[in-house]
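Student: I would like to learn how to read helix packing in a model. Please take me through one case.

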Amino acid sequence: HDTFYNFINFHVYYSHFFLERELVHWYPYSALGQPSAIQQVISFTPVDYAVALAGALLRVRDTMLLFKISVLAEQMVYVRGVVLLARRAFASRATALLLGVAAAGSVVWYAQLWFELRLFYLLPLVLYCVIGFLQEPARSERFWYAGLVCVAWGFGNPPYFASLWAVV
């Protein structure tokens, strides 16, 4: 049901932006007319914004297609992070590739988008940047990249996820 909830949010925001050329100010679905800011923060990832903007520029009307593209792009970000992290941890490229394939097959986002993808999809990139910084402290930009990825990771996730990330 979380994936459906995220799709409805995507549909409401994208359709309003596509038709009215402005962001939604109130939210008609489960929030019953409340201001829409919190729904936007917990439902839209940076990838969602990029796909929605590209869809609006290309005049795409099919919100389901755009939503699927955005979630698959998030999954590809996750897989890329796993491969990068595996390349840093293992000497064999085949091991990194196998871990990437396993990561791609392990995600079940169509049922629980938040818990089956968004809870952890940027963690491999964060770890990749942090480990890179620890291995080469002179390359401090990797530490800042990890911070930027953590900030981006906060978008599109419910606020209570922060406590889970603190444990990690």
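Student: Which residues in helix 4 meet which residues in helix 7?

Tutor: Contact means heavy atoms within 4.5 Å. In helix 4 the residues are Val77, Tyr78, Gly81, Val82, Leu84, Leu85 and Arg88. They meet Pro124, Leu125, Leu127, Tyr128, Ile131, Gly132 and Gln135 in helix 7. By class, this contact has ten nonpolar, three polar and one charged residues. Here Ala, Val, Leu, Ile, Met, Phe, Trp, Tyr, Cys and Pro count as nonpolar, Asp, Glu, Lys and Arg as charged, and the others, Gly among them, as polar.

Student: What kind of model is this, and how are residues numbered?

Tutor: This is a predicted model, with residues numbered from 1 along each chain as its sequence is written. Local features need pLDDT of at least 70, side-chain atom pairs count only at pLDDT 80 or more, totals for chains, interfaces and linings use all residues, and side-chain values use heavy atoms, leaving out hydrogens and water.

Student: Where is confidence lowest, and where highest?

Tutor: pLDDT is the predictor's confidence in each residue, from 0 to 100. Where it is low, the predicted coordinates should not be read in detail. The mean for this protein is 89, and 97% of its residues reach 70 or more. Strand 1 (residues 26–27) is lowest, at a mean of 76. Helix 4 (residues 63–89) is highest, at 95.

Student: How many helices and strands are there?

Tutor: Helices (H or I, at least four residues) and strands (E, at least two) are DSSP runs, numbered from the N terminus. The protein has nine helices and two strands. Their order from the N terminus is α-β-β-α-α-α-α-α-α-α-α. The C-alpha trace spans about 50 × 30 × 30 Å along its principal axes.

Student: At what angle do helix 4 and helix 7 cross?

Tutor: Axes are lines fitted to C-alpha atoms, for helices over the stretch in contact, and angles run from 0 to 180 degrees between N-to-C directions. Under 35 degrees counts as roughly parallel, over 145 as roughly antiparallel, 65 to 115 as roughly perpendicular and the rest as oblique. The axes of helix 4 and helix 7 come within 8 Å and cross at roughly 30 degrees. That makes helix 4 roughly parallel to helix 7.

Student: Is the crossing of helix 4 and helix 7 left-handed or right-handed?

Tutor: A crossing is left-handed if the near helix is turned anticlockwise from the far one by less than a right angle, and right-handed if clockwise. Helix 4 passes helix 7 in a left-handed crossing.

Student: How does helix 4 pack with helix 5?

Tutor: Helix 5 covers residues 93–105. Its axis lies 8 Å from that of helix 4, at an angle of about 155 degrees. The two are therefore roughly antiparallel. Their crossing is right-handed. The contact divides into nine nonpolar, two polar and two charged residues.

Student: How many aromatic pairs are there?

Tutor: Rings of Phe, Tyr and Trp (its six-membered ring) pair if their centres lie within 6.5 Å; planes under 30 degrees apart count as stacked, over 60 as edge-to-face and the rest as tilted. The count comes to 13. Phe10 and Phe44 have ring centres 5.6 Å apart and planes at 15 degrees, so the pair is stacked. Phe10 is in helix 1, and Phe44 is in the loop between helix 2 and helix 3, 34 residues apart.
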